[in-house]
Amino acid sequence: MYLHSKHFLDIETLPPEDIVLVLSTARSMKEISARKIKKVPTLRGKTIINLFYEPSTRTRTSFEMAGKRLSADVVNISASTSSVAKGECLKDTAMNLQAMNPDILVIRHSSPGAAHYLARILDCSVINAGDGAHEHPTQAMLDLMTIEEHKGAIAGRNVVIVGDITHSRVARSNIWALGKMGAEVTVVGPKTLMPPRIKELGVEVSYRLEDVIPKADVLMILRIQLERHRQGFFPSLREYAKLFGVNRRRLEGAKPDVLIMHPGPINRGVELEPEVADGPYSVILDQVTNGLAVRMALMYLLLGGGSADRL
Amino acid sequence: MRLLIGGGRVIDPGQGIDAKLDVLIEDGRIAEVGHKLPVPRDCQVYEAQGRIVAPGLIDMHTHLREPGREDQETISSGTRAAVWGGFTSVVCMPNTQPPNDNQAVTKFILEQARTEGACHVFPVGCITKGQQGEELAEMGELAASGVVGFSDDGRSVANAELLRRAMEYAAMLDLPIISHCQDAHLGHQGVMHEGLISTKLGLPGMPSAAEEIIVARDIRLAELTGARLHIAHVSAAGSVDLIRQAKFRLADITAEVTPHHFTLTDEAVYSFDTNTKVNPPLRSKDDLEAILTGLEDETLGVIATDHAPHTLAEKEREFTLAPFGMVGLETALPLALQLVSKDLLTLPGVIARLTINPARILDLPHKGTLAVGSDADVTIINPEKKVIVDPGSFKSKGRNTPFGGWELQGAAEAVVVSGKLINLQ
């Protein structure tokens, strides 16, 4: 089995069998990071560039470490310390990096379609590490992997995504990914942060968190950007926390084994009460661990690897 | 100098003519239109059998970019693009740098057009100084210098009181106000139509209501002031309804639609092709249906391009950062002719929307018709000609079109501008 495309740009157009292949490969990869010597020679001689136009801790480190554990040479570039700060356009930056002959370019950018654009103009493989509010496909893969680990098959599970759906690439990628794997997805949040016609992506929509908590197998809580209230999306962070914050009191109505997930970074006390983030149902750090495995799997598969049994 | 265009199908909607006739041109005027006219002495003959002979097409919504952005387009390149697209007159919008908000700019444009232009150029003047929406431009002086209407195209005049005064002033000058209808706040960060596709792509949306609200407001203000109001580049279904209702009440509301808005929907944005980023945005299938109906019943009486050239570097950017606009002069006619092959409009219907209708709205004397005595502006169309859109061969400096590679049918093969034949083959 091989991936259908040399790029990994979005979940919307990703064939379900590719999701299955990435997940099964990621399971084999996870074991490598648990070894004493956390490195295999699989991608020796390959070069991976991380091109980040937005700040990132988890994703950037995860991609870097994923490449290094597979013995690839990894170069990190962040916009603020590169020629981008001198006004170089995305195309020139990308073409110059390509001239150094990398095998994979990982891009994080605030503009939807940035990764698709690079895939169109570059010869190397492109991985979308988040393009504006469009997609964050590796996040969805690591979320699927985490749910599977804790719940078994994803099909039929109720997943509730809470928060700012409009501005969330995590929400979009997960809506597609969970849908393709047969989960029931509900999105809940203030109507001001619910994009139009979101129902047509195959989800239930709710504006009352307490109504949907009881059925949830998984609560996926999104980060709320602190400046949103100044843009008039809701009156105050205080009121947001009151209406849509996930806390112990609200979870009294939840299933006893509900999973609490968050893509990070968390605004503790706003969308998620610290006691819940650190509580027994939280798998937030498992998500981070699995992120590494998913990205290793993806790099391996994009560079021509097939289903991995022995690494 | 005489020119006889012989044996073509002459379609002149202004006179209700659709027949196989000859057209004789003398001294830059239409001298005679009739059956099998004798060929006078010293007369050039253009054989137009199998061709459509129409009044010279008029594009009442073009951005020529000069002065200020000559890297995007000049009056020379833009008018050549117009001629190669079959247009003999273009109406240029005032959002140049500096904007056409005073007589010096108007006179410069007219002088450039006279010396460098390949076709007629009619400038539109700003409604407000610097298009800032704060103070009226010197509309009287602009009118005296030769503008054919007023617009702050690219934005609306947000202040309704100020627009009311502008309309009163324009009514006094007997010139139309051309409105780009868009609320200043609603969806102001948007880069595409707000709907299912924007939700999928995570791109900020511009809701149809942002246009419809201002269409409604401007119609009411036109009724209040008695101004002639022309709504530019209608994109939303609700706008079509509002204009249709207004036309029942009041004769002086007119509206235009662009070829891209009657051809494409927001589905085209799926590619993240920045050439599909236009303002107003490409809208939904429902909006497209309403626009086609509006074209059919003449609620939308004009087809205009909103030709908006940009440099390659400006468009080869992230979608959110690229400027709005696409070129249109060199694809408008074949796209309009698709309306005929799809049985949405008759051929005379299409030609009316590109000739006599804009000429009447802007009160361009002797334009848009082949009546005897009119200016000798003629467009000769080969309706069978297969066209593969090749942006690389455009006369415009702009290559920003999403129609590259499209296979279309029908194109201008020659135009006559003020009696002078320009063969485009």
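Predicted model: local features only at pLDDT ≥ 70, side-chain atom pairs only at ≥ 80, totals over all residues.
Residues are numbered from 1 along each chain as its sequence is written, and chains are lettered from A and ligands numbered from 1 in the order in which they are written. Local features need pLDDT of at least 70 and side-chain atom pairs count only at pLDDT 80 or more, whereas totals for chains, interfaces and linings use all residues; side-chain values use heavy atoms, with hydrogens and water left out.

In the interface between the chains, 15 residues of chain B are in contact with 20 residues of chain A, contact being defined as heavy atoms within 4.5 Å. The two chains bury about 1600 Å² between them, 57% of it on carbon and sulfur atoms, where buried area is the accessible area (1.4 Å probe) that two parts lose on being put together, summed over both. Of the area that chain B buries against chain A, 34% is supplied by Thr199(B), Phe272(B) and Glu318(B), more than by any other three residues. One salt bridge is found across this interface, the term denoting a side-chain nitrogen of Lys or Arg within 4 Å of a carboxyl oxygen of Asp or Glu. Lys91(A) forms a salt bridge with Glu316(B), and the closest N and O atoms of this pair are 2.5 Å apart. Seven residue pairs (both at pLDDT 80 or more) are in polar contact across the interface of chain B and chain A; a polar contact is a pair of N or O atoms within 3.5 Å, of which, within protein, one must be able to donate a hydrogen and the other to accept it, and residues adjacent in sequence count only if both atoms are side-chain atoms. The side of chain B that touches chain A has six nonpolar, five polar and four charged residues, with Ala, Val, Leu, Ile, Met, Phe, Trp, Tyr, Cys and Pro counted as nonpolar, Asp, Glu, Lys and Arg as charged, and the others, Gly among them, as polar.

Chain B is divided into domain 1 (2-52 + 375-423) and domain 2 (56-361), the bounds coming from an automatic or database domain assignment. The C-alpha centres of these domains of chain B lie 25 Å apart, and 33 residues of domain 1 are in contact with 47 residues of domain 2. Together the two domains of chain B bury about 3000 Å², 70% of it on carbon and sulfur atoms. Within domain 1 of chain B, the residues that lose the most area to domain 2 are Lys395(B), Lys397(B) and Asn400(B), which together account for 22% of what that side buries. Between these domains of chain B the count is zero salt bridges, but 15 residue pairs (both at pLDDT 80 or more) are in polar contact. Strand 16 (407-417) of chain B is one of the strands that each supply at least two residues of the side of domain 1 that touches domain 2, and strand 16 gives the most to that side, with eight residues.

Chain A is assigned domain 1 (16-135 + 291-302) and domain 2 (137-287), which bury about 1900 Å² between them, carbon and sulfur atoms giving 62%. In domain 1 of chain A, Ile19(A), Leu23(A) and Glu135(A) lose the most area to domain 2, together 30% of what that side buries. Three salt bridges are found across this interface of chain A. Arg27(A) forms a salt bridge with Glu148(A), the closest N and O atoms being 2.9 Å apart.

Helix 4 (residues 114-121) of chain A is largely enclosed by the rest of the structure, because six of its eight residues are buried; helices (H or I, at least four residues) and strands (E, at least two) are DSSP runs, numbered from the N terminus, and buried means under 20% relative accessible area, exposed over 50%, and partly exposed in between (1.4 Å probe, protein chains only). The buried residues of helix 4 of chain A pack against helix 3 (90-98), strand 3 and strand 4 of chain A.

Among the backbone features of chain B, the peptide bond from Gln97(B) to Pro98(B) is cis, with omega near 0 degrees, and Pro98(B) lies in the loop between strand 7 (87-92) and helix 2 (103-116). Phi of His233(B) is near 25 degrees, a positive value in a residue other than glycine, and His233(B) is buried, with a relative accessible area of 2%. For Asp363(B), phi is near 55 degrees, and this residue is exposed, with a relative accessible area of 51%.
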